[in-house]
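Subject: Handover of a structure and findings

Dear colleague,

Please find the structure below, handed over for your own work. The findings follow directly after it.

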Amino acid sequence: MTQIHFTVNGESKALEAPPMKRLLDVLREDLHLTGAKEGCGEGECGSCSVLMNGDLVNSCLVPILQAEGAQITTIEGVAITEQLHPIQQCFLENGGAQCGICTPGMILATHHLLKKYKDPSLLQIQEGLSGNLCRCTGYIRIFNAVQAAALAGVAE
Amino acid sequence: MRSNITQYELVAPKSLDAILQILADSPDRYTPIAGGTELMVALGAGRLQQKKLISLWNLGELRFFEVTPDAVHIGAGATFTDIRNHPVITSELSLLSQAASWTGSIANQNRGTLGGNIVNGSPAADSPPALLAYDATVTLVSTRGSRTIPYRSFHLSYKKTVLAPDELLHSITLPRNLIGYKTYIRKVGTRNAQAISKVAIAAIARTKHGAIESIRIGAASLRETPARLIATEQSLLNQTVTPATIAAARSALLSETLPIDDIRSTAKYRAAVAANLLEEFLHTL
C-alpha cells in the first residue's frame with residue numbers, strides 16, 4: 001500500500017492504495033465518485049475519461065501512483081454549483097445524451113477540446129471526441145451539442 | 001479476469017539516476033512503465049506478467065526536446081501530444097507529427113510516449129515507419145554509460161530489442177537536413193483514430209535530373225518488427241520512375257516483406273496494399 005495525496009474536483013484527498021490500482025477504481029471505490037464508467041477497460045471507449053492536470057486521460061489506464069500530486073477533474077466536478085455546466089446544458093438541449101454511459105466522458109472530452117479550440121471545426125470536434133464511443137446517438141446530436149457549447153462561448 | 005492488484009509493486013523515483021540505479025541493482029528486474037497505454041491494458045485484462053514496475057511518467061529528464069542546427073533530440077518520455085505541439089517537428093519532420101496524430105485517441109496521445117511506442121516493439125506501432133524513413137538514431141542509457149545506435153538496428157525479432165535488462169531508451173534523434181525531399185506517410189486501418197494499422201508506409205526521397213538519388217522507406221505490419229525496406233530502396237536508387245521501375249520496386253517490396261494473417265487483416269491484403277502505397281508515393285516524385 002502507498003500513501004497517495006492528490007486533488008479531486010478541487011478537494012485535496014489523502015488515501016492508501018496499492019500503487020498499481022487504477023485511478024478509475026480509486027475514484028469509484030474509494031472516493032465513491034461513480035460518474036466515470038468502466039466500458040472497455042483498455043483505453044478505447046473513453047467512458048472513464050477524466051482530466052488530469054487539465055489533460056484528457058483514460059482513468060482505467062492510470063496507476064494511482066502516477067496521479068500523486070495531480071489535479072483530477074471528474075464529471076462530478078464540472079458543475080460547480082447545483083446548476084449544470086453550460087456544456088452539460090447543451091448536451092441536454094441537443095439530445096446529446098441518451099443512455100448516459102458515455103456522457104461523462106463526452107462532456108470532459110468536450111471541455112478539453114473547447115479549451116484548445118474556442119471555435120472548433122467539425123473535423124476538430126470529431127478528432128477531439130474520437131476516443132469516446134457512443135452506441136446510442138449516432139454522434140450527430142453530440143456534435144451539435146459541442147457546436148452549441150462553442151457558440152455559447154463556454155471555453156475558459 | 002481482473003488482476004489481484006495487491007501483488008503488483010510500482011515505484012516512482014524522482015530522478016533518472018535513481019531509476020538507472022534500481023535497474024542496475026535489482027536482480028529480478030523492474031519493467032519501466034510510462035503512460036500506461038500498453039501495460040495498463042494488460043493489467044485490466046488480468047494478463048500483466050510483470051509484477052515489479054518502475055514509473056517513468058512525467059520525468060523531466062526524459063520528457064524534453066532539444067533542437068540543434070542539425071538535429072532534433074526527443075526525450076523518450078515525450079508524449080504524442082508533446083510531439084504534435086512541437087513547432088520544428090510539425091514543420092520539418094511532419095511524418096512524425098502525422099503518425100502521432102493517428103496514434104490512439106487524444107486521451108491516449110496525452111499519455112502514450114514515443115519511447116514506449118518504440119520499446120514495446122509492436123510491428124504495427126504508428127511512429128516507427130516515420131522514424132525509419134528519417135533514419136533516426138536512439139540513445140540508450142544505463143549506469144554503465146550511454147550508447148547511440150541507428151534505430152533500424154534496435155529491433156531484433158518479434159518484441160525483442162537490443163536493450164539490456166539494465167538499460168533505458170533515453171532519446172530519439174532525427175536529422176534535420178532534409179531540403180529537397182518529397183515525403184509520404186499513410187496508415188491503412190479500419191479507421192484513423194483508435195485503430196491498429198493493417199499496414200503503414202512512410203518514405204522520403206530526393207530526385208536529381210529525374211533520377212532517385214536518395215530514398216528511405218519504413219514500414220509497419222509487414223515483418224515481425226518495424227522494418228526499413230532496404231531491397232526496395234536499392235531497386236529504386238538512380239532510377240527514374242517508369243512503369244518498369246515501379247514493377248521492379250513492387251516485386252522487391254514483396255520479396256523482402258513477410259506479412260501475416262491475423263484478426264486485423266490478411267497477408268495477401270497487406271502485401272497488395274503495401275505495394276500500392278509505395279506506388280502512390282513513387283507517382284509523386
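Strands, as named in this message, are DSSP runs of E with at least two residues, numbered from the N terminus. Please note that the model is predicted.

Chain A: the hairpin

With that definition, strand E1 (residues 2-8) of chain A and strand E2 (residues 11-17) of chain A form an antiparallel pair with seven bridges. Within this pair, His5(A) has Ala14(A) of E2(A) opposite to it. The hairpin of E1(A) and E2(A) has two residues between the strands, and Asn9(A) adopts a positive phi near 50° there. In general, the side chains of a regular strand alternate between the two faces of the sheet.

Chain A: domains

To the contact, domain 1 of chain A gives 13 residues and domain 2 of chain A gives 12 residues. On the side of domain 1 of chain A that touches domain 2 of chain A, the largest share is three residues, and these come from strand E3 (residues 49-52) of chain A. By residue class, that side of domain 1 of chain A divides into seven nonpolar, five polar and one charged.

Chain A: a helix pair

Helix H2 (residues 86-93) of chain A and helix H3 (residues 103-116) of chain A have axes that come within 10 Å and cross at roughly 125°. The crossing in which H2(A) passes H3(A) is right-handed. H2(A) contributes Ile87(A), Gln88(A) and Phe91(A) to the contact, while H3(A) contributes Thr103(A), Ile107(A), Thr110(A) and His111(A). Three of the residues in the contact of H2(A) with H3(A) are nonpolar, four are polar and none is charged.

The interface of chains A and B

Between the chains, 25 residues of chain A are in contact with 24 residues of chain B. On the side of chain A that touches chain B, strand E4 (55-58) and helix H4 (122-128) of chain A each supply at least two residues. The largest share of that side comes from E4(A), with four residues. The residues on the side of chain A that touches chain B comprise 10 nonpolar, nine polar and six charged.

Chain B: domains and strands

For chain B, the domain assignment gives domain 1 (5-55), domain 2 (65-175) and domain 3 (182-282). The centres of domain 1 of chain B and domain 3 of chain B, taken over C-alpha atoms, lie 36 Å apart.

Strand E4 (residues 65-67) of chain B runs antiparallel to strand E5 (residues 71-75) of chain B, and three bridges join the two. A hairpin of three residues connects E4(B) to E5(B), and Glu66(B) is placed opposite His73(B) in E5(B). E5(B) also pairs in the antiparallel sense with strand E10 (residues 168-175) of chain B, over five bridges. In this second pairing, Ala71(B) stands opposite Pro175(B) of E10(B).

Yours sincerely

Definitions and conventions: Residues numbered from 1 in each chain as written. Chains lettered and ligands numbered in written order. Predicted model: local features only at pLDDT ≥ 70, side-chain atom pairs only at ≥ 80, totals over all residues. Pairing = 2+ DSSP bridges. Axes fitted to C-alpha atoms, helices over the stretch in contact; angles between N-to-C directions. Left-handed = near helix turned anticlockwise from the far one by under 90°. Contact = placed C-beta atoms within 7 Å. Nonpolar A, V, L, I, M, F, W, Y, C, P; charged D, E, K, R; others polar. Domains from an automatic or database assignment.
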